[in-house]
Amino acid sequence: VGIVSAGYGLVPEGRPIAPYDITFQGMPKPRIKTRGQRLGIPDAMRKMIANYPVVLFLLGDDYLRSAHPPLVPSGRQKFIYFGSPKLRYVDSADVVIVAAAQEAATEFGGSRMFVKGRVFHLLAAGVQQQPKMWAEVVRDRTPQTVVSLIRDGKQHV
């Protein structure tokens with residue numbers, strides 16, 4: 001797990017940080033890219049994700065922008081993005097976008113602000129119920145299997 005921070009850059013899970021009061025949300029686009037570069041986010045993110053066969057992104061547009069998209073999967077990777085397709089599109093069958101907006105918040109519960117975390121939680125619950133389906137998530141080039149597991153997870157949470 002890596003957390004994109006407007007104050008610290010890419011923070012690995014478990015690393016303690018001091019409280020801070022800065023966000024990428026609403027920051028002008030050029031400033032986001034400049035700050036992301038200064039914090040080392042683009043290189044750190046690409047290095048962090050390089051060796052994982054499946055990478056799930058729960059980033060809003062401003063936070064993804066700090067990584068200088070597009071992020072392109074290697075031939076042995078699959079990227080699954082939760083959110084709108086705006087910054088996530090690359091010409092690759094190995095990129096799947098799962099809508100995580102108001103419609104998803106309505107269907108899966110929770111507010112729009114927390115919907116990405118909610119659908120990720122439900123996906124994990126769905127995989128826990130049907131672990132053999134993970135291979136299908138990796139194979140499927142559409143969001144259908146992911147959404148099916150999210151719906152299954154909702155029934156078990």
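Two strands pair if DSSP finds at least two bridges between them. Strands are DSSP runs of E, at least two residues, and helices are runs of H or I, at least four, all numbered from the N terminus.

Now, where this comes from. It is a predicted model, where local features need pLDDT of at least 70, side-chain atom pairs count only at pLDDT 80 or more, and totals for chains, interfaces and linings use all residues. Residues are numbered from 1 along each chain as its sequence is written, and side-chain values use heavy atoms, with hydrogens and water left out.

Start with β4. Strand β3, residues 54–57, pairs with β4 in the parallel sense over four bridges. Valine 54 has lysine 78 in β4 as its bridge partner. β4 also pairs with strand β5, residues 95–98, in the parallel sense over four bridges. There, isoleucine 80 is bridged to valine 96 of β5.

Next, two helices. α5, residues 115–129, packs on α7, residues 144–156, at about 85°, axes 6 Å apart. So α5 is roughly perpendicular to α7, a label for angles of 65 to 115 degrees. Axes are lines fitted to C-alpha atoms over the stretch in contact, and angles run from 0 to 180 degrees between N-to-C directions. Contact means heavy atoms within 4.5 Å. Among the contact residues are Leu122 and Leu123 of α5, and Leu149 and Ile150 of α7.

Key: Angles under 35 degrees count as roughly parallel, over 145 as roughly antiparallel, 65 to 115 as roughly perpendicular and the rest as oblique.
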